[in-house]
Amino acid sequence: MLRARLLGALELELDGTAIESPATQRPWAVFAYLALAGRRVSRAELANTFWPDVLDHRARASLRSALWALRRQIGDRLVVDGEHVGLDGVWVDVREFGRLAPNHPDAAIELCRGELLEEVEDEWAIAARERHRERVIELLESQAQAAEAAGELRDAIELTRLQVDRDPFDEQAHRRLITRLDAAGDRAAAIRAYRAFAERLRRELGVAPSAATRTLVEQLRAEPPAKAPRMPPVPGLLSLVGRQRELSELEAAWRAAAGGRGSVALVRGEAVIGKTRLATELRLLAQASGARTATCAALDLGGTAPLSLWAELIRELLPVLPAPPSDAAWPDDLAVLVSELPAHFGRSGVPSIAVAPDLQRTRLFEAVVALLGWAAREAPLLLVFED
């Protein structure tokens, strides 16, 4: 029997004997593709996938050589039927994962000794790796919810940590971990988990956690600590205490802005003294009055300030923005920051035209101003920038 392990480095075993099968070599990469597909694949699909940049006859010649090399190693388990190629009689761990997951999740998770085809960086392998990672995280979360329902909160936390390990940039998984740590009465660990996540995003991607994640942590900081493991309700903010003078000044500035006299208010102070909490209170007041609001977080990365904070603001405003006139240029100009913006308004987008960096920067600034003007056309607009 031929057994193929694709989770981790590619490993093959034929009748109990290991076969040297580095996936970085084209024949074994083709084998991995066929094993993942679980079906007959056309020669044209294989040629286009593995030799996309050469003439068709040369790609097909390379494919024939790869299939010949595979046939020498695995014999008639490689099935070539005219224009189609497939595998027969091969046990594949990824397919076994799919079979076990519904009824035997623990056994399915045990098969995951690593990332799918972790040695292969071709586009098809990266896409398959991401899909499998999502399936594993969904399975782990299903187990975590079952443990939570059974009152086994510590088990739920460990299962959530495994989710975070699988995808260190999955914000939903991190929010679940933060919430469950707090529910177990370990708020300090919840805050540490948030800080570690925020630092990883800053260091590796140059972005800040989303508004949803920051709001969750701010709510945890404002809420009394849990006295015992529990399933928390949706947390709410406590009344603001000791900042009435500052809040009154912000309210006065906001009333002036809402009346048509735009303004900027700067909230300064040492870390953890409540600047975010004060800004959150103003935002809640503005929302209660019918205003539109959005918030973002800037990062000190050195050099020119990144534009990612504007992308965050735009994405937060999008759900409440009406479609602009068809001749408005700003949705297409801002697509360089928020790629989904034209499609959000039912536009097909425009071809990208290379322009000088200074001109592109000017067009971006003008487009942001136009967007904000459109957002404030029917209701006052409050924007919050966090450092």
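**Figure 1. Salt bridge between Arg39 and Glu45.** Arg39 and Glu45 form a salt bridge in which the closest N and O atoms are 3.1 Å apart; a salt bridge is a side-chain nitrogen of Lys or Arg within 4 Å of a carboxyl oxygen of Asp or Glu. The model is predicted: local features need pLDDT of at least 70, side-chain atom pairs count only at pLDDT 80 or more, and totals for chains, interfaces and linings use all residues. Residues are numbered from 1 along each chain as its sequence is written, and side-chain values use heavy atoms, with hydrogens and water left out. Arg39 is partly exposed, at a relative accessible area of 41%, and Glu45 is likewise partly exposed, at 23%. Here buried means under 20% relative accessible area, exposed over 50%, and partly exposed in between (1.4 Å probe, protein chains only).

**Figure 2. Salt bridge between Asp122 and Arg26.** The side chains of Asp122 and Arg26 meet in a salt bridge with an N to O distance of 3.3 Å. Asp122 lies in the loop between helix H5 (105–110) and helix H6 (123–149), and Arg26 in helix H1 (residues 26–37), so the pair ties together parts that are 96 residues apart in sequence. Helices (H or I, at least four residues) and strands (E, at least two) are DSSP runs, numbered from the N terminus. Asp122 is partly exposed, with a relative accessibility of 24%; Arg26, at 30%, is also partly exposed.

**Figure 3. Salt bridge between Arg283 and Glu316.** In the salt bridge of Arg283 with Glu316, the closest N and O atoms are 2.1 Å apart. Distant parts of the chain are linked by this pair: Arg283 belongs to helix H12 (residues 275–288) and Glu316 to helix H13 (residues 308–317), 33 residues apart. Arg283 counts as buried at 15% relative accessibility, whereas Glu316 is partly exposed at 22%.

**Figure 4. Network of Glu141, Glu148, Arg176 and Arg180.** These four residues, Glu141, Glu148, Arg176 and Arg180, are linked in a network of salt bridges. Side chains of opposite charge can pair when their charged atoms come close. A search of the whole structure finds 26 salt bridges.

**Figure 5. The largest nonpolar core and a separate core.** The largest nonpolar core has 72 residues, of which Leu6, Leu12, Val30, Phe31 and Leu46 touch the most other members. A nonpolar core is a set of buried Ala, Val, Leu, Ile, Met, Phe, Trp, Tyr and Cys residues joined through side-chain atoms within 4.5 Å. Leaving aside residues up to four places away in sequence, Phe31 touches Leu2, Ala4, Leu12, Leu70, Ile74, Leu87 and Val90, where contact means heavy atoms within 4.5 Å. Another core, of 24 residues, lies apart from the largest one and includes Leu313, Ile314, Leu317 and Phe345. In the protein chain, buried residues make up 42% of the 387 residues.

**Figure 6. Packing of helix H8 against helix H10.** Helix H8 (residues 171–183) and helix H10 (residues 211–222) pack at an angle of about 10°, and their axes are 10 Å apart. Axes are lines fitted to C-alpha atoms, for helices over the stretch in contact, with angles running from 0 to 180 degrees between N-to-C directions. H8 and H10 are therefore roughly parallel to each other, a description applied to angles under 35 degrees. H8 contributes Glu171, Arg175, Ile178, Thr179 and Asp182 to the contact, and H10 contributes Ala212, Thr213, Leu216, Val217 and Leu220. The contact residues divide into 5 nonpolar, 2 polar and 3 charged; Ala, Val, Leu, Ile, Met, Phe, Trp, Tyr, Cys and Pro count as nonpolar, Asp, Glu, Lys and Arg as charged, and the others, Gly among them, as polar.

**Figure 7. Positive phi at Asp15 and Leu117.** Most residues other than glycine have a negative phi. Phi is positive at Asp15, near 50°, and at Leu117, near 45°. Asp15 is in the loop between strand S2 (11–14) and strand S3 (17–19) and is exposed at 55% relative accessibility. Leu117 occupies the loop between H5 and H6 and is buried, with a relative accessible area of 1%.

**Figure 8. Surroundings of Gln143.** Gln143 is found in helix H6 and counts as buried at 15% relative accessibility. Residues up to four places away in sequence not being counted, Gln143 touches Pro105, Asp106, Ile109 and Leu159.

Methods
Angles under 35 degrees count as roughly parallel, over 145 as roughly antiparallel, 65 to 115 as roughly perpendicular and the rest as oblique.
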